[in-house]
Amino acid sequence: MLSTDRSTWDTRAAAEILDLAASPDDPDLLLATTPAADLLVSRDGGLTFGPSSDRPDLVMLDWPDADQLVGLAADGTVQVSTDGATWQVRGQVTGQALDAT
């Protein structure tokens, strides 16, 4: 749900979301992960979500700046992307990825 005045609320897409990251440059662009490690994309501020193609199976996301997305896969692999489409493995977290939450 979204509110601009903290009194009235607009409903957004109904989806089982594990983690959510918003673009630092475009508040309507959102990426979400699901418990099944799917990556979903919304270009309308969360009104709708659809599958993102050419992506790794991620469970956690961070979007610290416009040129860097960081994702954590269920196997603990840390992956980085500059465009949201191509990803590079940059490291490994020991233990189960969901324990990091």
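View 1. Apart from neighbours within four places in sequence, Leu30 is in contact with Leu20, Ala21, Ala22, Leu40, Val41, Ser42, Gly45, Gly46 and Phe49, where contact means heavy atoms within 4.5 Å. This is a predicted model, in which local features need pLDDT of at least 70 and side-chain atom pairs count only at pLDDT 80 or more, whereas totals for chains, interfaces and linings use all residues. Residues are numbered from 1 along each chain as its sequence is written, and side-chain values use heavy atoms, with hydrogens and water left out. Leu30 belongs to strand β2 (residues 30–33); strands (E, at least two residues) are DSSP runs numbered from the N terminus. With a relative accessible area of 11%, Leu30 is buried, a term that stands for under 20% relative accessible area with a 1.4 Å probe and protein chains only. Although Leu30 and Ser42 are 12 residues apart along the chain, their C-alpha atoms are separated by 5.0 Å.

**View 2. Ser42 and its polar contacts.** Ser42, which lies in strand β3, is buried with a relative accessible area of 1%. Its side chain is joined to that of Asp44 by a polar contact of 2.8 Å, and a polar atom of the Ser42 side chain also lies 2.8 Å from the backbone oxygen of Thr48. A polar contact is a pair of N or O atoms within 3.5 Å, of which, within protein, one must be able to donate a hydrogen and the other to accept it; residues adjacent in sequence count only if both atoms are side-chain atoms. Beyond residues up to four places away in sequence, Ser42 touches Asp28, Leu29, Leu30, Leu47, Thr48 and Phe49.

View 3. Strands β5 (residues 58–65) and β6 (residues 68–73) run antiparallel and are joined by 5 bridges, pairing being assigned if DSSP finds at least two bridges between two strands. These two strands form a hairpin with 2 residues between them, and Leu61 stands opposite Gly71 in β6. β6 also pairs in the antiparallel sense with β7 (residues 77–81), over 4 bridges, with Val80 in β7 as the bridge partner of Val70. The hairpin of β6 and β7 has 3 residues between the strands, and Gly76 there takes a positive phi near 95°.

**View 4. The largest nonpolar core.** This core has 10 residues, among them Ala21, Leu31, Leu61, Trp63 and Trp87; a nonpolar core is a set of buried Ala, Val, Leu, Ile, Met, Phe, Trp, Tyr and Cys residues joined through side-chain atoms within 4.5 Å. β3 (39–42), β5 and β6 each supply at least two residues of the core, and β5 gives the most, with 3 residues.

Note on methods. Buried < 20%, exposed > 50% of the residue type's maximum accessible area, 1.4 Å probe, protein only.
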